[in-house]
Amino acid sequence: MKIKEYLRSRIAFMASVIEIAISAIVLLAIIVAGVQVVREVFDLTKSPDVEEGFKMFLGHAFNLIIGVEFIKMLAKHTPGSAIEVLLYAIARQMVVEHTTPFENLIGIATIALIFAIRKFLFVPSFSGETEIALFGKASKKEQKE
């Protein structure tokens, strides 16, 4: 029985190490892409089609933000951080892409649903202290502590 528990703990530890390594690789990619986004700002002044250049810049900037939120989600392991990644991804789709009014309506409804889930179904006991601060609420038990 002890061997089984030992192997489980080692596998969980190795999974955590791999997760951290992937987070570090994604962070490195975000830094490299961030340099490119800064270059895009300066290229906007030289671009003949500023509107298309700005759209590309905005898409790349949103991708970086989503990447940062993804890393935070991997680091925190909270439902709130996963919800934030979803919100940014949906917002990016609505802002950057040319979508139909029906697709916009679905996006808005999805964001409203995510906020409703966050407000009414979010369980503080699953979250860390930062999540409680973000949502501005704590259970009576957590307020006493």
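Predicted model: local features only at pLDDT ≥ 70, side-chain atom pairs only at ≥ 80, totals over all residues.
User: Fine. How many residues does α2 have, and how far does α2 reach?
Analyst: Helix α2 covers residues 50-76, which makes 27 residues. From first C-alpha to last, α2 reaches 38 Å, close to the 39 Å expected.

User: Which residues of α2 are buried?
Analyst: The buried set is G53, F57, G59, A61, F62, L64, I66, G67, E69, I71 and L74.

User: And what do the buried residues of α2 pack against?
Analyst: Two helices: α1 (2-44) and α3 (79-96).

User: What happens just after α2?
Analyst: H77 sits there and takes a positive phi, about 60°.

User: Switching to the surface. Which residues make the nonpolar patch?
Analyst: I3, Y6, L7 and I11 make that patch, and its area is about 470 Å². Of these, L7 is found in helix α1.

User: Why does L7 count as partly exposed?
Analyst: Its relative accessibility is 46%, so L7 counts as partly exposed. The partly exposed class lies between under 20% for buried and over 50% for exposed.

User: Now E103. Where is E103 found?
Analyst: In helix α4, residues 101-121. E103 has 42% relative accessibility and therefore counts as partly exposed.

User: What separates the C-alpha atoms of E103 and Q93?
Analyst: A distance of 9.7 Å, with the two residues 10 residues apart along the chain.

Technical notes. Residues numbered from 1 in each chain as written. Heavy atoms only, no water. Helix = DSSP H or I, 4+ residues; strand = E, 2+ residues; numbered from the N terminus. Expected span 1.5 Å × (residues − 1). Buried < 20%, exposed > 50% of the residue type's maximum accessible area, 1.4 Å probe, protein only. Contact = heavy atoms within 4.5 Å. Patch = residues over 30% accessible without salt bridge, like charges linked within 9 Å, V, L, I, M, F, W, Y side chains within 5 Å. Areas by Shrake-Rupley, 256 points an atom, 1.4 Å probe, with all protein chains shown as cover. Salt bridge = Lys/Arg side-chain N within 4 Å of Asp/Glu carboxyl O.
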